Amino acid sequence: MGKEDTVSLPLSAMSAEIEADSTLSESTGELLQRLSVPCFTDRELSWLQFNLRVLMESGDRTVPLLERLKFLSIYFSNLDEFFMVRVGSLTHRSIFLPDVTDRKTGWTAAVELKKILAEVSRQQTVAEIVYRDLLTDLKNADIDLLDFRRLGKAEETMCRKAFAELRPLLSPRIVDGRHPLPFIGNREQCVAVALGKGDALQLGLVPLYRVPRFKVFELQGRQKVAVVSELVAHYAAQLFKKEDVRECCVVRLTRNADVFIEDDLRSFDADFRASMEKMLRKRKRQLPVRLQLDGKASRAFLSLLQRSFGVTEKSCFVGSMPFDLGFGSEVRRTPEMKYAERKSCRSVKLRKGEYFRYLEQRDILLSFPYQSMTPFIDLLYEAADDPEVSSIRITLYRLAASSKLAAALAYAADQGKEVLCLLELRARFDEQNNIDYSEVLEDAGCTVIYGLPEQKVHSKLCLITRQRGGQVSYITQVGTGNYNEVTSEQYCDVSLITADEGVGRDAAAVFDALSLGQLPAESEKLWVAPLSFKPRLMELLERERAKGVDGFVSIKVNSINDMDVMAELIRCSQAGVPVELFVRGICCLLPGIPGATENITVRSVVGRYLEHSRIFVFGRGEERRVFLGSGDLLNRNTRRRVEACIEASQPEIMAQLLEIMEAFRQDREKGWLMQSDGSYVKAPGGEGSSSQDRLYRYFTSPAVAVETAPAPVQKAEQQDEAIPAAQSPAGEKPQPVGKTSTEAEKPGFWALLANLFKRKG
């Protein structure tokens, strides 16, 4: 490991993070000593189990063909990020803190890495079986992925012509004492060639920087897909004309992306944006953590590649499938090859000027991707034009490349509103996008701040402040997902908008603290991590535990590994409380263990959309309390991030959130059940019970639509009693989303949007 890499991850920062995540309450320590059986599984192995469920979707023949191909691509993309972040971090720990063990498993980082690499190798075998099945099904659909070992004459002619067109873009190189190994960027592919005679091998490389990924041909009524990396490898001998080409394969390097921000950022005098740009430059040159090979390689050639790229034998993975499977978007398709098109429904049909009046009497819940994000953007425009609105404050974590929400904030600033954007520059892999937005929003007149040195600001919180007749009032929005119009059509999230004054005061206090570089303190109605989220959660778990068999806990999150929370869930189970966990990804708590977790069930849903919402239910009947928020139950969320969580206090909003939980409870099509050994099995049942299909029907039905601003409260409540069960009438179609009337009426709106992004190219 070079000097630059050691500087990128300060030992003090790594140690501090491990210490923070390992700190346990006294009661948790006592419980762990009493447990006679293991109740926990490893965080990384649990994540690999989640990715295996993604892989299983690509092998499910009830899923449309090209969607299966997409799931396989997502599986490998997920695995890339896993190696870049988690394996990169563990590699650092194994070097700098080799004796530190994990609280849940007792493993050192080196032991954990060994188990991870073994599981990845096992899953690669499964992935190749799934891939071969997909090739057969593609062939049956008249789509052939070319096998360059078995080209027909017409295929050879096409490929030779395609290679001739690519040749000017290729720069073959020989690696020797005078020509060192060229820099190969993270996840970049190149063709590697073994050159020479006898026992002496020399490495030749053909970087694939500027070439297209695929070539698609039509031949005799069939589509022929040529993976360009394999095409170049097939004709590599023509690139090294005077050399003896002994072997050839396609290789791909994955680099560590786990880079810590330097300690000088703890000073308020530091230029945070400049330091982030420095970090991004450093990340590009981090050490490799994995080398992948597509194609066979002799032991001598494999050894040469490992030495040249600086990877160990265990970090080298040899396979027989392309690294890029995105050709599904380039082939001609029939309708049955893709999911039927769905449009987000414009469920909130309020007109311009009606939002504030409606919210004074009722809250609004938006459920993505079933419902459109446009109403929230319309609310921002109404705030921009309202003379009584003094400010808009918002936390931003991930934004779309061309964000209508950013344009709305810029418009509000142009209208003279005070617009404060807390933009978290450390959103992993979105850092550059957020750096660009910090400049764009500043140029538009917004005030941009960057959050706290020690904690990422991950909350999804927006506060609109109004002054009416000397009185201050608030509109607050709290969500589970990012303010990103693109992902709102792909991720399942919920967003609550309320005029509750207590919530507004809490949100104002949060923004005041963050603006001063301080952690938000205890609050009245909002749960705000890291100071009040976990204590409030623990209090409600303890309340249910005290009820015994009459208690009830239902939690939907993406991940869970906080030891204190898991210990309290175990105590609830031991007291007889039914505990149901809906956890999409990492779950370090093992269910169904006698004497410990026999009253805990863990379900996971992997389907068309990415499950991303966080919902917490405590109790039944009149004592039931329901919450939603941005934080998972990982150590990083409960201890090292600023998160916001809000209670759904109005019956109709609570009912909608409970419908989400019920849909998951009844999912026998896309649901998986966690076993006591940490593995998962498909829930018994089958087609027709998909929670996402059910929720699409529910949230696009008239029963949950917001039509007009309500009349007096008493009348609104009487109308609620007459609302039928929320099911779509036969043949009812949701309204597609188009340009909103609010946007269309803004003079120069699209010109403003274009101006905002012209610097971004």
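**Exercise 1. Are W527 and F533 buried or exposed? Then classify their ring pair.**

Some ground rules come first. This is a predicted model, in which local features need pLDDT of at least 70 and side-chain atom pairs count only at pLDDT 80 or more, while totals for chains, interfaces and linings use all residues. Residues are numbered from 1 along each chain as its sequence is written, and side-chain values use heavy atoms, with hydrogens and water left out.

*Solution.* 
- Step 1. Take the cut-offs: buried means under 20% relative accessible area, exposed over 50%, partly exposed in between (1.4 Å probe, protein chains only).
- Step 2. W527 and F533 are both buried.
- Step 3. Rings of Phe, Tyr and Trp (its six-membered ring) pair if their centres lie within 6.5 Å; planes under 30 degrees apart count as stacked, over 60 as edge-to-face and the rest as tilted.
- Step 4. The whole structure holds 18 aromatic pairs. In one of them, the ring centres of W47 and F82 are 4.7 Å apart and the planes make 5 degrees, so this pair is stacked.
- Step 5. W47 and F82 are both buried. For W527 and F533, the centres are 6.0 Å apart and the planes stand at 50 degrees, so the pair is tilted.

**Exercise 2. Which strands pair with β25, and in which sense?**

*Solution.* 
- Step 1. Helices (H or I, at least four residues) and strands (E, at least two) are DSSP runs, numbered from the N terminus. Two strands pair if DSSP finds at least two bridges between them.
- Step 2. Locate β25. This strand spans residues 641-647, and six of its seven residues are buried.
- Step 3. Strand β14 (residues 456-457) runs parallel to β25, with two bridges. Here V457 is opposite V642.
- Step 4. Strand β18 (residues 527-529) is antiparallel to β25, with three bridges. W527 faces C645.
- Step 5. Strand β24 (residues 625-629) is also joined to β25 by three bridges and runs antiparallel. G629 stands opposite C645.
- Step 6. Keep a general rule at hand: in a regular strand the side chains alternate between the two faces of the sheet.

**Exercise 3. At what angle do α12 and α13 pack, and which residues meet?**

*Solution.* 
- Step 1. Axes are lines fitted to C-alpha atoms, for helices over the stretch in contact; angles run from 0 to 180 degrees between N-to-C directions.
- Step 2. Helix α12 (residues 374-385) and helix α13 (residues 404-414) make an angle of about 5 degrees, with axes 9 Å apart.
- Step 3. Angles under 35 degrees count as roughly parallel, over 145 as roughly antiparallel, 65 to 115 as roughly perpendicular and the rest as oblique. The two helices α12 and α13 are therefore roughly parallel.
- Step 4. Contact means heavy atoms within 4.5 Å. From α12 come F376, I377, L380, Y381, A384 and D385; from α13 come K404, L405, A407, A408, L409, Y411 and A412.
- Step 5. Sort the contact of α12 with α13 by class: 11 nonpolar, no polar and two charged residues. The classes are Ala, Val, Leu, Ile, Met, Phe, Trp, Tyr, Cys and Pro as nonpolar, Asp, Glu, Lys and Arg as charged, and the others, Gly among them, as polar.

**Exercise 4. Where is Y370, and which residues is Y370 in contact with?**

*Solution.* 
- Step 1. Y370 sits in the loop between β10 (364-368) and α12.
- Step 2. Its relative accessibility is 1%, so Y370 counts as buried.
- Step 3. Leave aside neighbours within four places in sequence. The contacts of Y370 then include K343, C492, Y609, E611, Q692 and F699.
- Step 4. Y370 and R697 are 327 residues apart in sequence, yet 8.4 Å apart in space, C-alpha to C-alpha.

**Exercise 5. What is the strand order of the open sheet of six strands?**

*Solution.* 
- Step 1. The order is β2-β4-β3-β7-β8-β9, with mixed pairing.
- Step 2. β2 (173-175) and β9 (316-319) are the edge strands, each pairing on one side only.
- Step 3. Neighbouring strands of this sheet are turned by 30 degrees against each other on average, direction ignored.
- Step 4. Inside the sheet, seven bridges link β3 (residues 189-195) and β7 (residues 245-255), which run antiparallel. L195 has V245 as its bridge partner in β7.
- Step 5. Helix α5 packs on the sheet and touches β7, β8 (288-294) and β9; its direction makes about 140 degrees with that of β8.
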